[in-house]
Amino acid sequence: MSQTVSPASASYAALCAEVRRFHARQMQLLDSGEAEAWAATFTEDGLFAPPSLPEPVRGRAALAEGVRTAHAALVAEGEVRRHLLTTEVVEEPVAGDADGAVRVRSYVQVVATRKDEEPRLILMCVCEDVLVSEDGEWRVRERYVTRDDRP
Amino acid sequence: MSQTVSPASASYAALCAEVRRFHARQMQLLDSGEAEAWAATFTEDGLFAPPSLPEPVRGRAALAEGVRTAHAALVAEGEVRRHLLTTEVVEEPVAGDADGAVRVRSYVQVVATRKDEEPRLILMCVCEDVLVSEDGEWRVRERYVTRDDRP
Amino acid sequence: MSQTVSPASASYAALCAEVRRFHARQMQLLDSGEAEAWAATFTEDGLFAPPSLPEPVRGRAALAEGVRTAHAALVAEGEVRRHLLTTEVVEEPVAGDADGAVRVRSYVQVVATRKDEEPRLILMCVCEDVLVSEDGEWRVRERYVTRDDRP
């Protein structure tokens, strides 16, 4: 293989490394119950359409409130949850697309563990994100999540 | 860390980003039952040695037929399957290797989910690929998959 | 998106590709029971604080001995284990940090499979690594692993 890397290839590799860090940090914040920091990974009016709610959640205040409530319930039950994001397809911005949005479709496993019990794979999800760059940081403008057990 | 990236490092990062996109797309096509598009991720005479068959499958027509049949059965049973590819070791082409083939050894979890049921991890596999570049696209020339439950 | 990649972005992408290869190889060596080769992925006096021991293991001889013993027991039981490392956050060295250490926090699933049985997700772990570069290779100087079932 030639050691010469085209600018397009170098650009895509850099994008993927950034998106991967973004997603990993975001999932770890969620699992740690850091509600405000997690909400800040969305745009100010970011939309999150989870499978568990009839209507999407919009805006950081509502996003943070959702995580705070959910995490408090988990702590009360003594359960730790992990969101494992894998098999992600990162689609570069379409040429001429003014907002430079990046689309990512990934698989997310949700694993729940209680004290002295084996971990359980409780959800298998598909996550479709529209990411935009703001102040040098990637943020979720829109996120659509579906569960395989609710076709 | 220095901000200077050697050409070899930049080349490897670009290769890994491409291979990762290739694999993620390929798994998502398989899980969506897009038989022809999935078969097109192999070379025309690509070989797939799955653990479930006594003989390898060779060529796009046979590959597509296999996925079509398997996916129809899953749809009839109301089961969704996901192939999660992780922990991949991407080996650069050996210098002097004329075909520039890339070897990748990865772990693949197969998760099956039925309506209103928890997902089940049904298979833990090791996937060994020989990838080649054709017309600017990565394709599988050979794929060998083993299952941990059949040693 | 511009095709111009900043040196910092290119450097981070190169680092992530190397770290990913390092981790994937290391997990595959562990799962294959290659005790000495696995131990050589740590620094000579590398520290591994696993959740299953009261004291950390230090140094390659002790690290290799631990894997040899554990792997022999698994072989005797007819069990294959896989360590799947995902959702990793790779933190670049802090400017001015003389040793150029890289910190990585990742999620590790441990999957166990016996002949003719379905795989079981037996452990969900968080792995915190301090990696250093020696002779052009990444090595673990310190590794701290926690299990979600032992809070």
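A helix, as I use the word today, is a DSSP run of H or I at least four residues long, numbered from the N terminus. Hold on to that for helix α3 of chain C, residues 60–77. C:E65 and C:R68 both lie in that helix, three residues apart, about one turn. Their side chains meet in a salt bridge, 3.0 Å from N to O. One caution before I go on: this is a predicted model.

Back to that pair. Is C:E65 buried, partly exposed or exposed? C:E65 is partly exposed, with a relative accessible area of 40%. C:R68 is partly exposed too, at 36%. Now a wider pattern. Salt bridges that share partners join A:R20, A:E88, B:R20, B:E88, C:R20 and C:E88 into one network. Over all chains, the structure holds 60 salt bridges.

Chain A has its own version of the helix pair. A:E65 and A:R68 form a salt bridge, 3.0 Å from N to O. Both sit in helix α3 of chain A, residues 60–77, three residues apart. A:E65 counts as partly exposed at 40% relative accessibility. A:R68 counts as partly exposed at 37%.

Chain B gives us another kind of pair. B:E128 and B:R105 meet in a salt bridge, 3.6 Å from N to O. This pair links distant parts of the chain, 23 residues apart. B:E128 is in strand β5, residues 120–134, and B:R105 is in strand β4, residues 102–114. B:E128 is partly exposed at 40%, and B:R105 is partly exposed at 24%.

Next, symmetry. A rotation of 120° superposes chain A on chain C, with 0.0 Å of shift along the axis and an RMSD of 0.0 Å. That is the relation of a three-fold axis. Which C-alpha of chain A is nearest the axis? That of A:A13, at 3.6 Å. Chain A also superposes on chain B by a rotation of 120°, with 0.0 Å of shift and an RMSD of 0.0 Å.

Take chain A and chain B. The contact uses 29 residues from chain A and 33 residues from chain B. About 2,600 Å² is buried between them, and carbon and sulfur atoms give 57% of that area. Five salt bridges cross this interface. One pairs A:E92 with B:R21, the closest N and O atoms being 3.8 Å apart. Why do I say the copies meet through different surfaces? Because only 14% of the interface residues of chain A are also interface residues in chain B.

Now chain A and chain C. Here 33 residues of chain A contact 29 residues of chain C. The buried area is about 2,600 Å², with 56% from carbon and sulfur atoms. Again the rule finds five salt bridges across the interface. A:R82 forms a salt bridge with C:D148, 2.7 Å between the closest N and O atoms. Only 12% of the interface residues of chain A are also interface residues in chain C, so these copies too meet through different surfaces.

Last, the fold. UniProt, in an unreviewed entry, places a "SnoaL-like" domain at residues 17–143 of chain A. Over those residues the chain is 30% helix and 46% strand. The end C-alpha atoms are 20 Å apart.

Look at strand β1 of chain C, residues 42–49. Six of its eight residues are buried, so the strand is largely enclosed by the rest of the structure. Four bridges join β1(C) to strand β6, residues 137–147, and the two run parallel. There, C:L47 has C:E142 as its bridge partner. β1(C) also pairs with strand β2, residues 57–58, in the antiparallel sense over two bridges. C:F48 stands opposite C:V57 in β2(C).

Definitions and conventions: Residues numbered from 1 in each chain as written. Chains lettered and ligands numbered in written order. Predicted model: local features only at pLDDT ≥ 70, side-chain atom pairs only at ≥ 80, totals over all residues. Heavy atoms only, no water. Least-squares fit on C-alpha atoms with pLDDT ≥ 70 in both. Contact = heavy atoms within 4.5 Å. UniProt positions renumbered as here; feature names shortened; annotations may be inferred. Buried < 20%, exposed > 50% of the residue type's maximum accessible area, 1.4 Å probe, protein only. Pairing = 2+ DSSP bridges. Buried area = accessible area lost by both parts, 1.4 Å probe. Salt bridge = Lys/Arg side-chain N within 4 Å of Asp/Glu carboxyl O.
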